[in-house]
Amino acid sequence: MKFPFLLSCLLLSLSVFSQIPIDCTNSCSYYGEEIGEETYGFTSDEEARNALQNIVKHTGLPVNFTLMAGNVPNASAIIRCNELTGDCDRYILYNQDFMLRVKQKTKTDWAAISILAHEIGHHLSGHTLLVGGSRPALELQADKFSGFVLYNMGATLDEAQIAINTFVGDIGGPTHPGRSARIAAITNGWIQASEINPGKENIADEKAEIGSNKSSASIKGIQWRHDGAKNKFALFVNGVQIAARCNRSYCGDHYILYDPLERNTYLLENFRLLIDNQLRSGKLIGTGESIFWRHDGANKQYGLYVNGLSIGTRCIASYSKHDYLIFDPEEQKTYLLENFRNLNNNLVYKGKLIGKGPSIFWRHDGEKNLYALYVNGQLISTRCNASYSQDHYIVYDPEEQKTYLFENFANLSDNTLRTGSLIARGPSIFWRFDGKNNKYALYVNGQSIGTRCQSHYLGNDLVVFDPQENKTYILENLKNLGDNRLRLGRLQ
Ligand SMILES: [Zn+2]
């Protein structure tokens, strides 16, 4: 086992042209060993660099440190400052041999990831800026951070703890606490993350074991099992294990999966609770477009699942009568959950995609003489000014300074949702001229004001004075544009 590693180490040192001496005055070593005065860093290998990027991605913070392989005992967060300029650079150094041993001994990538996360925790908490390096309290903060991040990355609690459980002794030292305190810190971080973001626990796919095809081939229809102890699950469709290729999310206590290959959506009912590894029947709940939702009236929660992914938390939603209109800003898609208000029994229903791109929807309730405007999932009609322009409706939103047009609004009063168009940003001055009847109309900020104004021609333009606001508008070339179409005007 040693030989291949030595080879890779040799290759590495040949491929690296420069070694950077790094001063280790303020540093943390994962287990508290002394670090030599002169430490050398090498450029990091691909795997470690990917792991680091993945960890940082889950913190939402910028990568403001450099990862390097180096001659440290295990892993270290180190800061190096230029004495002349005072500029400081942050490093995370790791021992390649040590990381390899971690992986071999724990048989999982999570151990090495948790060690890197711990070191990143020191940097992001500013610990490396403090004089004196490691202290037990700071170590526990970094451990808590690693538990928090590992939850968000999908590690189970066991996986988040495995490095400490495998390598750290019971008794602590002057710089590092003992095992039980560190395990408690990781657990706290992991639980805190799970409370903020419940249901994200990653459940590993059961690997399709070679030679076990015989047993799975005999599994007919849609069958699943969930092994709570090992945090693993399997989904068989006609004897084929398809879990690995599916998108999936918790859906309350259920599990919803979308198979992008066959475009099928499956529901594994009470998956969260049924962890005894018994085979159970799953349900095919849809083919093709995969939009599902549930409305938990008792807990005032809803979930929206598109292609097996839970996206409700990133969306903006409003009621539209008994329906729920939802805008997903990330994908610029608008969904409608029909009869959402009444179907609050937490069962899973199919939703509808009603629009891609700009999300402008309106409906006109002729009976009650009401209208509604939804822009990007928000009901905004209550703050808008509006007026008829023949059979159309011009609506101005003073908050966003946007003007919308609802075509044929007067005749479409059946309360059905329809798409509107954005016709102007900024000043809202529109006019039209009916040459046949020699009549004009002027709409300013959603109000028809022509009747209160005085006007005269100036060449081909019409000059319109509004005595109420003491403003003058120019309707350019109006004399020649008698086709009654809506046009933009301007202030004098
Ligand atoms: Zn540390």
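This is a predicted model: local features need pLDDT of at least 70, side-chain atom pairs count only at pLDDT 80 or more; totals for chains, interfaces and linings use all residues.

How many residues lie between β36 and β37 in their hairpin, and which residue in the turn has a positive phi? The hairpin has four residues between its strands, and Asn 470 is the turn residue with a positive phi, of about 60°.

- Strand β36, which covers residues 461-466, runs antiparallel to strand β35, residues 454-458, and five bridges join the two.
- On to the next strand, β36 is joined by five bridges to β37, residues 471-475, and the two run antiparallel.
- Within the pairing of β36 with β37, Phe 465 stands opposite Thr 472 of β37.

**The open sheet of β27, β28, β29 and β31**

- Four strands make up an open sheet in the order β27-β28-β29-β31, and their pairing is antiparallel.
- Because β27 (385-389) and β31 (421-425) each have a single partner strand, they stand at the edges, and one side of each is left without a neighbour in the sheet.
- From one strand to the next, the twist of this sheet averages 25°.
- The edge strand β31 is joined by four bridges to strand β29, residues 402-406, and these two strands run antiparallel.

**Packing of helices α2 and α4**

- Helix α2, residues 46-57, packs with helix α4, residues 110-124, at an angle of about 60°, and the axes of the two helices are 10 Å apart.
- With that angle, α2 is oblique to α4, and the crossing in which α2 passes α4 is right-handed.
- On the side of α2, the contact is made by Ala 48, Ala 51, Leu 52, Ile 55 and Val 56, which meet Ile 113, Leu 116, Ala 117 and Ile 120 in α4.
- Sorted by class, the residues in the contact of α2 with α4 comprise nine nonpolar ones, with no polar and no charged residues.

Methods
Residues are numbered from 1 along each chain as its sequence is written. Side-chain values use heavy atoms; hydrogens and water are left out. Two strands pair if DSSP finds at least two bridges between them. Axes are lines fitted to C-alpha atoms, for helices over the stretch in contact, and angles run from 0 to 180 degrees between N-to-C directions. Angles under 35 degrees count as roughly parallel, over 145 as roughly antiparallel, 65 to 115 as roughly perpendicular and the rest as oblique. A crossing is left-handed if the near helix is turned anticlockwise from the far one by less than a right angle, and right-handed if clockwise. Contact means heavy atoms within 4.5 Å. Ala, Val, Leu, Ile, Met, Phe, Trp, Tyr, Cys and Pro count as nonpolar, Asp, Glu, Lys and Arg as charged, and the others, Gly among them, as polar.
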